[in-house]
Amino acid sequence: MVAVGDHLDRTEMILVELANTRAEGKVDISAERDFAQTLVNENRLYRQTAQRDKDPEIANVLDQVERVLIDIAHHPDSVSGKELEELQQRIESQGVLFKVRVIESKVKARSRAESGQQRNAGDARL
């Protein structure tokens, strides 16, 4: 859960960066594109694990995130303002950033709860 929370945090950063980039003239998104490609591979593993562990809420959000990350990763280094606006609209219309934030908070809360349970189990053994 900690790893998924970290992954969602990094995903949120790239989505926020793109959402807040001014769509004027040519925009260099090469750093975001390269980062998205790295996140796609991680996301796929976390999504498959969530599916295997029968956690449909996380699996569903990770599936939506994966599609957006793939879209970002397949863009060229520079995009026109219009292309960036279209990408921003896709992120906004699908509510991906909001969903990432909601699942991220749930994952972190679950991770804290699991960590607290492990500590309590360790204390009980003492």
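This is a predicted model: local features need pLDDT of at least 70, side-chain atom pairs count only at pLDDT 80 or more; totals for chains, interfaces and linings use all residues.

Reader: How is a pair of packed helices described, and at what angle do the axes of H1 and H3 cross?

Author: Two packed helices are described by the angle between their axes and by the distance between those axes. Here the axes of H1 and helix H3, which covers residues 56-73, come within 12 Å and cross at roughly 50 degrees. That angle makes H1 oblique to H3, and the crossing is left-handed. On the H1 side the contact is made by His 7, Leu 8, Thr 11, Ile 14, Leu 15 and Leu 18, while H3 contributes Leu 62, Val 65, Val 68, Leu 69 and Ile 72.

Reader: Of the residues in the contact of H1 with H3, how many are nonpolar, polar and charged?

Author: The residues of that contact divide into nine nonpolar and two polar, with no charged residue among them.

Reader: Is Glu 12 buried or exposed, and which residues is Glu 12 in contact with beyond its neighbours in sequence?

Author: Burial is read from the relative accessible area, with buried meaning under 20%. Glu 12, which is found in helix H1 (residues 2-19), has a value of 16% and therefore counts as buried. Leaving aside neighbours within four places in sequence, Glu 12 is in contact with Leu 97, Val 100, Arg 101 and Glu 104.

Reader: How many salt bridges does a search of the whole structure find, and which helices hold Glu 42 and Arg 10?

Author: The search finds 14 salt bridges. In one of them the side chains of Glu 42 and Arg 10 meet at 2.2 Å, N to O. Glu 42 lies in helix H2 and Arg 10 in helix H1, so this pair ties together parts that are 32 residues apart in sequence. Glu 42 is partly exposed at 23% relative accessible area, and Arg 10 is partly exposed at 24%.

Terms used:
Residues are numbered from 1 along each chain as its sequence is written. Side-chain values use heavy atoms; hydrogens and water are left out. Helices (H or I, at least four residues) and strands (E, at least two) are DSSP runs, numbered from the N terminus. Buried means under 20% relative accessible area, exposed over 50%, partly exposed in between (1.4 Å probe, protein chains only). Contact means heavy atoms within 4.5 Å. Axes are lines fitted to C-alpha atoms, for helices over the stretch in contact, and angles run from 0 to 180 degrees between N-to-C directions. Angles under 35 degrees count as roughly parallel, over 145 as roughly antiparallel, 65 to 115 as roughly perpendicular and the rest as oblique. A crossing is left-handed if the near helix is turned anticlockwise from the far one by less than a right angle, and right-handed if clockwise. Ala, Val, Leu, Ile, Met, Phe, Trp, Tyr, Cys and Pro count as nonpolar, Asp, Glu, Lys and Arg as charged, and the others, Gly among them, as polar. A salt bridge is a side-chain nitrogen of Lys or Arg within 4 Å of a carboxyl oxygen of Asp or Glu.
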